[in-house]
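Subject: Structure handover

Hi,

Here is the structure I promised to pass on. Please open it alongside this note.

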Amino acid sequence: MLFRSGRYSKAIRCYQRAVSLDPANPALFRLRGEAHWKRGEIREALADWTRSLELKADQGEVYALRGKALLYCGNPKEAKAAFERAIRLKPNLLSAVVGRAEALSAAKRYQSALLWLTKSLHRFHSPDGLADLILARGRIYLAMGIWVKAAADASQALELRRDHPRVNAAARYLRARALIQMDQAAAADRDLRKLLRHFPRHASATALAEWLQSPEVPRPVEVRTIERPVKIPKPKIVQAPVGLNGSVDSWSAEGVFDSWIVRDLQRQEYGPITKETLNRWVEEGRVSAGMRLLRGDWAKWKIGRAHV
């Protein structure tokens, strides 16, 4: 009750008394850690979640919480390991799947993060889960300086859950940041105004909106200039251009699942790309028979021979 009402300090004191009476109860350390997290006491939360796992190791959710704290503390390598342990215990734990991508991104392994999120799409069928995955991917595109794809992912998340306040706010904030970088200030301002109408205390959105209205205000860090955007690599040209066969329409996808990965004969993976880009790669001779393809909603790879 204290936790739900936001009285985190009192909740911590209650959990402390409970721990003194039952020091081998892992749930108490998990709950106290969550209260510490709410108070911004990250290292105390990390210590409690670590202790909870020492007492009971098969808690996927707690490994995900520990990964979140480690990532916040600037330790992406250990955070990634914690998220992976959570996924082994609970393969469809969304917070762990997204967390692993964020840990990869924090280590500047952007391409690996994008591939991981795209491969994970087929696990989630609810609009909420898909929206969170796409938002995470959009934030990685933003960190890479690929503004168009960041804005596109934000728009897709908005289409999936426009009625969800949290998703709506996160998507509009992400899209506004990308639009600013694309010199579309008016469109960004519209997104920020709609966001602030429902979340007037959103500090980062407020700072961006004020900067757009007053150019003399220092440029916020959220829209810092990236001098050298990270590019998504392409496969080498391996053969003369070929055309796709007549059955292409039967394996096309739209929306969030129009995300493809190509694996070459050396098992190097490229993507995610749209079907339009895949068509161009095929025409350029970058996709040959024997290569494997994975679409967002496929759980297994398919051999390119069937489609080229």
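Below is what turned up, from the overall build down to single residues.

**Ground rules**

This is a predicted model, so local features need pLDDT of at least 70 and side-chain atom pairs count only at pLDDT 80 or more, while totals for chains, interfaces and linings use all residues. Residues are numbered from 1 along each chain as its sequence is written, and side-chain values use heavy atoms, with hydrogens and water left out.

**Overall**

The protein has 13 helices and four strands. These are DSSP runs, numbered from the N terminus: helices are H or I with at least four residues, strands are E with at least two. The C-alpha trace spans about 70 × 50 × 35 Å along its principal axes. Of the 308 residues, 48% count as buried. Buried means under 20% relative accessible area, exposed means over 50%, and partly exposed is in between (1.4 Å probe, protein chains only).

The protein exposes about 16,100 Å². Carbon and sulfur atoms supply 52% of that area. Areas come from the Shrake-Rupley method with a 1.4 Å probe, and for residues only the protein chains shown count as cover. Among contacts (heavy atoms within 4.5 Å) with a separation of 6 or more, 54% are between residues 24 or more positions apart.

**Largest pocket**

The largest pocket holds about 1,100 Å³ of space. Pockets were found on a 1 Å grid over the protein atoms alone: a pocket is an open set of points where a 1.4 Å probe fits, with protein on both sides within 12 Å along at least five of seven lines, and lining residues have an atom within 4 Å of a point. Grid points are joined across faces, edges and corners, and the volume is the space filled by probe spheres set on the points.

The lining has 36 residues. L71, V98, E102, A136 and R139 lie nearest the centre. Helices α2 (26-38), α4 (60-72), α6 (94-106), α8 (127-144) and α10 (165-181) each supply at least two lining residues. The largest share, eight residues, is from α6. By class, 20 lining residues are nonpolar, four polar and 12 charged. Here Ala, Val, Leu, Ile, Met, Phe, Trp, Tyr, Cys and Pro are nonpolar; Asp, Glu, Lys and Arg are charged; the others, Gly among them, are polar.

**Second largest pocket**

The second largest pocket has a volume of about 230 Å³. It is lined by 14 residues, and R137, K149, A152, D153 and T274 are the closest to its centre. Two or more lining residues come from each of α8, α9 (147-160) and β2. The largest share, five residues, belongs to α9. The lining divides into six nonpolar, four polar and four charged residues.

Which residues of α13 (275-283) are buried? They are K275, T277, L278, W281 and V282. They sit on the same side of α13, because they cover an arc of only 155° around the axis. The arc is taken from the directions from the helix axis to the C-beta atoms. E276 and E283, on the other side of α13, are exposed. The buried residues pack against β1 (260-263), β2 (269-273) and β3 (292-295). Just after α13, G285 takes a positive phi of about 85°.

E269 is in β2. At 12% relative accessibility, E269 counts as buried. Not counting residues up to four places away in sequence, E269 touches L115, K119, I261, V262, R263 and W301.

**Backbone points to check**

Most residues other than glycine have a negative phi, and most peptide bonds are trans.

- The peptide bond from G271 to P272 is cis, with omega near 0°. P272 lies in β2.
- K108 is not a glycine, yet has a positive phi of about 65°. K108 lies in the loop between α6 and α7 (110-120) and is exposed, at 63% relative accessibility.
- R267, also not a glycine, has a positive phi of about 70°. R267 is in the loop between β1 and β2 and is exposed, with a relative accessible area of 59%.

Best wishes
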